[in-house]
Amino acid sequence: MLNIDKAETDKYKEVNIENIFSDTELSRASQILHKAGTEYFVEDGFIRFRFDEVDIKILEEKKDNPVIDIFLGKLRGIRSFSISNGKLVYASFNKDKKVKDKSGNRKKRLAYEYYKKDFPETSNLLDGNIINNIYCADSLVFLKSLPDNCIDAVLTSPPYNFGINYNNTSDVNLWDVYFDVLFNIFRECIRVLKSGGRIIVNLQPMFSDYIPTHHIVSKFFIDEGLIWKGEIIWEKNNYNCKYCTWGSWKSPAAPYLKYSWEFIEVFCKNSLKKEGLKDNIDITADEFKQFVYAKWSMAPERNMKRYGHDAMFPEALAERCLKLFSYKEDIILDPFNGAGTTTKVAKELGRKFIGIDIDENYCETAKDRLRSII
Ligand SMILES: C[S@@+](CC[C@H](N)C(=O)[O-])C[C@H]1O[C@@H](n2cnc3c(N)ncnc32)[C@H](O)[C@@H]1O
């Protein structure tokens, strides 16, 4: 059966079929698939099945259901399956045969210890009056007023230097200047982060300038000694980007690579493990299974006009990040809080929060959104 504890994505087999089924057919198939060891989700008109071992007998008994029938057909076409204890087992699972003594090898390589720095492990308490507030300020200035090691997680998306129409700041600067300003603020974020804390940054590279912002920012955090925990692809499914430069259609001369996704980079201070009380975990088993698969398909925020901000991330993104990487009661910081998506979701999920933005209007919106929570 699907083993969540070893939820590394390369240990799942994925099979996709076109979703030509009614909701009733799909929901009838759902329980049977689950019982047989298969999880699925629907995306972009396809049903994506994920599994390691499949109990084929259970499926065969129910092949009058068209979803099961077509899935069975697909399974039979996979050569790398073998039968074990009456179940179909995908041959590359459980094996690790190709590489022996993985942990010994890891020690030889040093893994992330080769770049990680040691930070003090003590935490400092934040003055209770500071938390659960929105601050209209330059984050560089504001963050300097906080003690070291007092924040559990930073969740943010910085300005991208695209030329977005922010009220108060220019969003077009020399890249040199842009990264200088950003890194000074991120250095402060690292300083105020507790040992074991996480920094989660939503980033979009500037493809048209050929500036891989997500790589440059990741290199920055790694050079500062944080551990790179991983990268999540946020698939937005928006395909309205252009194909090539003028005059080079259908030619290798200058095609554009098209991206319908953004990146979420995750870093840890001192340790990959974050301590917390069991009672303060709020992610469900289904959410955990879904969120650790590091490609998240989510529509962009639909209410940007209403909130008067042109570059928001959706509440679903903040919800996933906070549930997967923080505990209830944790203190969450967003130094580029904009219209306050992070702080709103943090409050809804029982986290404490500090939101900073340089623009007064955005801060007012962020406060309104907090007030809207009952
Ligand atoms: C990409 S937006 C963040 C949007 C936010 N995630 C949301 O969902 O509303 C970046 C924000 O950074 C703010 N900003 C830019 N420079 C800043 C600075 N030095 N200190 C604080 N905020 C800043 C901008 O006003 C803008 O609202």
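Begin by selecting the eight strands that form an open sheet of mixed pairing, which follow one another in the order S7-S14-S13-S8-S9-S11-S10-S12. Strand S7 (133-136) and strand S12 (295-297) stand at the edges with a single partner strand each, so one side of each is left without a neighbour in the sheet. On average, and ignoring direction, neighbouring strands of this sheet are turned by 20° against each other. Keep in mind during the tour that this is a predicted model.

Next, select strand S8 (residues 151-156) together with strand S9 (residues 193-203), which run parallel and are joined by five bridges. To look at one residue pair there, pick Thr 156, whose bridge partner in S9 is Val 201.

Helix H11 (residues 341-348) lies across S7, S8, strand S13 (331-334) and S14, and its direction makes an angle of about 170° with S14. Helix H12 (residues 360-371) lies across S7 and S14, running at about 170° to S7.

Finally, select the ligand and the residues around it. How many residues surround the ligand? There are 22, and the closest are Met 312, Phe 336, Gly 338, Ala 339 and Thr 341. If you colour this shell by class, you will find twelve nonpolar, seven polar and three charged residues. To relate the shell to the elements, highlight helix H5 (139-143) and strand S14 (352-357), each of which supplies at least two of the shell residues.

How values were computed:
Residues numbered from 1 in each chain as written. Predicted model: local features only at pLDDT ≥ 70, side-chain atom pairs only at ≥ 80, totals over all residues. Near = placed C-beta within 6 Å. Helix = DSSP H or I, 4+ residues; strand = E, 2+ residues; numbered from the N terminus. Nonpolar A, V, L, I, M, F, W, Y, C, P; charged D, E, K, R; others polar. Pairing = 2+ DSSP bridges. Axes fitted to C-alpha atoms, helices over the stretch in contact; angles between N-to-C directions. Contact = placed C-beta atoms within 7 Å.
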